[in-house]
Protein chains: 2
Amino acid sequence: MFESAELGHTVEDAKYEKEASKLRAELLEAQYELLSDKSFPVIVLVNGVDGAGKGETVNLLNEWLDPRHVRTRAFGPPTESERLRPEMWRFWRSLPPKGKIGVLFGSWYTNPILGRVLDGMSDGKLAADLDRVRTFEQMLVDDGAVLVKLWFHLSKKTQKKRLVSLEKDKLTRWRVTPQDWKNFARYDRFRRVSEHVLHETSTGAAPWLVIDGSNANYRALAVGRALLAAIKARLGAAREAAKQNGKANGKKNGASAMPPAAVSMLRTLDTAGLLKNLPFEERLSKQKYEVKIVKAQAKLGRLSRSPKMKKRAVVVVFEGMDAAGKGGAIRRITQAVDARHYSVIPIAAPTDEERAQPYLWRFWRHLPRLGQFAIFDRSWYGRVLVERVEGFATENAWSRAYHEINAFEEELADSGIVILKFWLAITKEEQMKRFKEREATRHKQFKITAEDWRNRRKWDDYVVAASDMIARTSTSYAPWTVLEANDKHLARVRAIDTLNARLDDALRG
Amino acid sequence: MFESAELGHTVEDAKYEKEASKLRAELLEAQYELLSDKSFPVIVLVNGVDGAGKGETVNLLNEWLDPRHVRTRAFGPPTESERLRPEMWRFWRSLPPKGKIGVLFGSWYTNPILGRVLDGMSDGKLAADLDRVRTFEQMLVDDGAVLVKLWFHLSKKTQKKRLVSLEKDKLTRWRVTPQDWKNFARYDRFRRVSEHVLHETSTGAAPWLVIDGSNANYRALAVGRALLAAIKARLGAAREAAKQNGKANGKKNGASAMPPAAVSMLRTLDTAGLLKNLPFEERLSKQKYEVKIVKAQAKLGRLSRSPKMKKRAVVVVFEGMDAAGKGGAIRRITQAVDARHYSVIPIAAPTDEERAQPYLWRFWRHLPRLGQFAIFDRSWYGRVLVERVEGFATENAWSRAYHEINAFEEELADSGIVILKFWLAITKEEQMKRFKEREATRHKQFKITAEDWRNRRKWDDYVVAASDMIARTSTSYAPWTVLEANDKHLARVRAIDTLNARLDDALRG
């Protein structure tokens with residue numbers, strides 16, 4: 001993989017000046033077209049050997065492009081707030097919005113490679129990490145992103161020469177750190193591991209480009225051309241797709257301008273029965289409820305204050321039909337938890353900063369740090385519920401969301417987050433009763449809107465969507481719990497009991 | 001101040017039920033009017049004695065209001081990322097956007113009070129902290145916010161009774177922590193200090209409301225009524241102002257719906273000469289430049305890698321007329337700094353999340369943590385430059401911005417941030433030369449837009465605004481440096497030299 005990058009490519013200064021000037025103009029044009037098109041981001045990963053021109057490339061991109069629309073982010077050792085969250089959290093936070101170019105100096109490849117070379121990471125862990133990386137990049141590409149993965153290479157001999165010459169000049173000496181020499185001592189091992197990683201992650205949608213870093217002129221032109229080609233290809237595809245679709249998909253969420261991938265999933269699993277025939281008639285008297293809820297809350301109070309919670313976080317998702325009692329159940333939980341340790345995140349329409357990012361971005365930004373509870377009043381499941389039913393998302397987008405959500409939740413679970421997902425199930429009759437009650441009570445009227453009545457008309461579609469959702473996203477690490485909620489008391493007690501049981505388990509383990 | 005809250009107010013259950021039901025409905029109506037009006041936020045501070053119902057009040061507000069539009073945030077000990085930034089950073093991050101209600105459980109009052117009671121904070125430091133708090137709250141109110149400051153009080157006897165009764169029941173025992181008892185042992189001291197703090201910060205614009213916390217019914221009604229009255233008064237004033245102004249101010253930034261405060265400042269200082277008669281003809285040959293810039297960068301490289309940088313951060317602001325050479329100067333700085341240690345923040349139009357917050361919010365979110373450089377390509381000075389000249393901000397808003405900005409920069413300086421502000425000064429002739437050059441060079445054309453030509457027509461207005469700005473905001477902790485920039489080489493070298501000198505000083509000190 002690296003051999004072709006050791007041929008010692010060079011470009012004469014005169015030729016470079018001429019080419020560079022033309023290339024810069026074309027890159028700027030492409031950048032401005034991207035900016036006005038605003039339908040996808042460009043993500044440039046800058047990785048490779050020390051001394052091969054990574055830093056110079058970051059500077060170059062900021063000089064050639066309009067830097068006001070370039071987001072550059074370099075990654076050092078994780079900060080505390082990064083360490084207390086899933087590994088990918090800091091990369092999600094650094095994604096450029098649609099229309100912009102993000103330059104990531106160091107990336108999600110740095111840790112797997114360093115871990116393998118320096119810390120003896122196992123084969124299995126490396127394979128799992130790379131699998132996660134592929135899933136993540138596939139998600140970005142499916143969402144429309146252009147991913148330009150650059151690997152800057154130097155032969156062993158050239159790298160040594162380069163480090164020595166930087167060190168000799170007292171004006172550039174500060175650029176060479178002891179770590180650079182330590183890494184150099186492991187050149188062969190680095191090379192072997194990198195080659196493996198690049199090989200494993202060079203996919204059709206997101207291939208690696210290995211660049212000979214020995215000559216600055218050659219390197220600059222190679223980077224510029226690769227970036228230009230990638231943006232132009234994508235803009236061309238977008239124009240083509242727009243022409244063919246007559247912009248039909250334009251307004252839907254998650255609609256990428258790419259030719260839509262074949263939808264590979266079955267239309268509907270046979271899940272229709274999942275939410276029917278529940279024992280809706282069960283009841284818990286007010287008297288018994290008041291005893292049970294206080295007991296459950298006391299237990300939750302103790303568990304949530306356990307010292308072991310420092311290594312855990314909790315994500316609780318509440319979904320359910322309108323008027324199923326999500327808010328009331330959430331309040332019974334928060335009453336028991338120290339207010340400094342939880343946040344309730346009601347999910348409504350995305351802001352424009354959120355709209356300019358991949359779908360899951362707005363949930364990543366609300367993830368709890370270790371020690372904290374995050375309770376979602378509606379959640380990322382909106383994509384496969386309301387967005388599916390109402391047609392806000394393309395079939396392509398909501399179909400692939402099941403997989404993306406499972407991968408997302410697995411990442412959370414792996415980082416120490418306990419995930420609970422509740423579907424509050426009520427009958428259509430019960431909903432009607434509650435709607436009418438709300439309309440009749442002055443301080444509850446705000447809870448009932450025309451939208452609720454509209455949604456009710458699509459009751460059966462929602463049941464199908466919810467059943468599919470539960471079937472496709474109930475995993476060992478993030479199982480769904482269906483709560484019969486015709487009796488609010490019962491649902492509240494069971495929600496806390498379920499939470500307590502999971503938490504007890506997790507804190508014991 | 002606290003005596004009236006020790007009278008043991010109670011409200012019978014029957015009366016409470018009736019009143020509460022009416023109050024809830026009215027609160028919801030007010031909340032929805034606030035939400036659709038969207039011109040100001042409501043900030044509720046929940047502070048006071050342990051056991052006086054602070055947590056219950058937070059729950060109550062989330063139960064009575066539509067919780068999807070309430071942002072509740074409780075403050076514990078600061079996290080690492082909070083400790084590495086100015087003290088107020090975490091409160092800025094927690095401000096509710098316009099149209100929403102923010103409930104802050106613990107606030108900017110917690111540290112001054114605890115510091116004084118527990119850690120022997122000096123009179124002088126406390127006075128300075130309270131002064132800062134008053135400035136901050138005045139800024140919020142000037143920006144239109146409704147500030148409801150609630151202090152929950154219990155007499156010594158009642159507090160003891162309350163803690164004992166919570167502890168006796170094994171279901172509520174977890175609520176009482178050893179810290180609560182420790183605090184109780186210092187009740188008298190707490191009371192004295194709190195009374196002083198409340199007295200010092202009960203201003204006309206943001207008065208304290210002391211609430212007797214001994215009876216849950218009374219407490220709930222008192223909170224609900226206070227909140228309702230505050231929101232309604234503000235909505236009424238907004239309607240009144242809109243009627244009188246015919247919405248004339250409606251579109252301007254920082255226009256609050258309040259009756260405009262008298263603008264107390266002089267129109268223009270006699271600063272017109274400040275930016276004229278600079279030695280614009282000075283030149284630095286390319287040959288000398290190349291020697292000097294590399295030396296300056298090497299020094300910056302060393303300084304920025306100093307271990308002492310761990311306790312410092314750097315904020316560099318670049319302002320100047322269009323084509324003054326901001327981008328080029330910034331790149332010469334970033335070339336010398338490790339890419340993991342700086343970020344460049346180009347300031348463009350605010351996003352909708354930013355528009356819904358006080359003006360300085362979008363700069364607070366980009367503040368560097370200790371150890372980091374943040375370089376602003378244009379900055380918070382936009383308010384007193386482009387927004388003043390173009391009339392985007394009301395005179396009221398840009399006039400008070402000088403003071404707000406000085407207070408803001410003082411906070412940064414106090415937290416260990418070294419602040420440099422550069423005005424790149426060019427002559428009108430030089431600008432014309434550069435505009436024409438840009439139009440003639442293909443890869444520079446993007447830098448010149450119709451807006452640049454429009455701004456140029458207002459050259460003299462910008463000179464007046466810039467001169468005022470420099471005169472009013474050049475402080476000992478954040479001085480302006482005017483750089484003659486007709487010669488780009490000279491300006492770049494001097495910018496880095498100035499930065500090096502300040503940094504050298506700061507790291508020595």
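A: **Domains, sheet and helix packing**

The domain assignment of chain A, whose bounds come from an automatic or database assignment, gives domain 1 (3–155 + 181–245) and domain 2 (272–508). This is a predicted model, in which local features need pLDDT of at least 70 and side-chain atom pairs count only at pLDDT 80 or more, while totals for chains, interfaces and linings use all residues. Residues are numbered from 1 along each chain as its sequence is written, and chains are lettered from A and ligands numbered from 1 in the order in which they are written.

Between the C-alpha centres of domain 1 and domain 2 of chain A there are 38 Å. Their contact (C-beta atoms, placed from the backbone, within 7 Å) takes 17 residues from domain 1 and 15 residues from domain 2 of chain A. On the side of domain 1 that touches domain 2, helix 4 (89–92) and helix 6 (123–142) of chain A each supply at least two residues; helices (H or I, at least four residues) and strands (E, at least two) are DSSP runs, numbered from the N terminus. Helix 6 of chain A gives the largest share of that side, five residues.

Turning to the sheet, five strands of chain A form an open sheet with parallel pairing and the order 2-3-1-4-5, where two strands pair if DSSP finds at least two bridges between them. Its edge strands, each pairing on one side only, are strand 2 (70–74) and strand 5 (208–212) of chain A. From one strand to the next the twist averages 20 degrees. Strand 2 of chain A runs parallel to strand 3 (residues 101–105) of chain A and is joined to it by five bridges, with A:Arg71 standing opposite A:Gly102 in strand 3. Helix 2 (residues 54–64) of chain A packs on this sheet, touching strand 1 (42–48), strand 2, strand 3 and strand 4 (146–153), and its direction makes about 155 degrees with that of strand 1 of chain A.

Two further helices of chain A, helix 5 (residues 110–118) and helix 9 (residues 187–201), pack at an angle of about 140 degrees with their axes 10 Å apart; axes are lines fitted to C-alpha atoms, for helices over the stretch in contact, and angles run from 0 to 180 degrees between N-to-C directions. Helix 5 is therefore oblique to helix 9 of chain A, since angles under 35 degrees count as roughly parallel, over 145 as roughly antiparallel, 65 to 115 as roughly perpendicular and the rest as oblique. Among the residues that make the contact are A:Ile113 and A:Val117 of helix 5 and A:Phe190 and A:Val193 of helix 9 of chain A.

Definitions and conventions. Two residues are in contact if their C-beta atoms, placed from the backbone, lie within 7 Å.
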